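Let us walk through this structure one step at a time.

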Amino acid sequence: KAIGVFVGLKIEEPKTCSKESSNLYEHLNVAIKEFVKNKKLRLLSLSSIISYSLNEPSYQFRSAFINTLWPVWAIGTTNIISSLGAAIGYLYSGKLIKKFGELKNLIAGTIYGKIVNIVALVYPTVFSPLIMTTSSPFFGTTEVAKTSLLQKEFTDSQRATMSSLNSFASSLAFGVVSFGLGFIADKIGPAKALLTTTILGIPIIFIYLYLYRKEDSSKIN
């Protein structure tokens, strides 16, 4: 953290080229209007919120599932593997996005993640935790792809406000899902609870496919 503070202090503040209103409510009003009139932005934000609110609690809760299959001392191994895989995904995300585009990477990564999670959770074995970690390289790529698509739709004047609204909605949804995930796990067990969140996230794939078809048709036209 000390290194992070040091690096942060070295970042130069960009010069203000023009004066903008600092009224909070005015910024919120303008930002919300942008969400209302931009359908692509709404769909991207919705998919981002759903994805974060389902995937993040599931990842944090995954240890409870692994604990039913592995000894306690081995649980952290999957987090190490997942973190390394995600780092590799971030490293090569730029090249993959440049070659295939953001939406193709999102579709491929999301579909693969759903498949391996369903396989691992429907038939839990000692190999299930390792099977689930194979989707980790896609995490870095899909995160960069989602951020890239959202930033393209945010306006320059309201970029920070629109990003904050998206993050705020994601955090609220995260809290609701976290509570629900724990409640469901108490009733039917960790594996079935995680399977439930995996299935609930399937509609995200259709949002990405819809956006991809729209993007592809616009290129043809």
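Find helix α3 (residues 39-66) and helix α7 (residues 136-153): their axes come within 10 Å and cross at roughly 145°. Axes here are lines fitted to C-alpha atoms, for helices over the stretch in contact, and angles run from 0 to 180 degrees between N-to-C directions. The crossing of α3 and α7 is left-handed, meaning that the near helix is turned anticlockwise from the far one by less than a right angle.

Which residues of α3 meet α7? They are Lys-40, Leu-41, Leu-44, Ser-45, Ser-48 and Ser-51. Their partners in α7 are Lys-146, Leu-149, Leu-150 and Glu-153. Contact means heavy atoms within 4.5 Å.

A word on the source: this is a predicted model, where local features need pLDDT of at least 70, side-chain atom pairs count only at pLDDT 80 or more, and totals for chains, interfaces and linings use all residues. Residues are numbered from 1 along each chain as its sequence is written, and side-chain values use heavy atoms, leaving out hydrogens and water.

Now step back. The chain has ten helices and zero strands; helices (H or I, at least four residues) and strands (E, at least two) are DSSP runs, numbered from the N terminus. Along its principal axes, the C-alpha trace spans about 60 × 50 × 35 Å.

How many of the 221 residues are buried? The share is 37%, where buried means under 20% relative accessible area (1.4 Å probe, protein chains only). Among contacts between residues at least 6 apart in sequence, 79% join residues at least 24 apart.

Key:
Buried means under 20% relative accessible area, exposed over 50%, partly exposed in between (1.4 Å probe, protein chains only).
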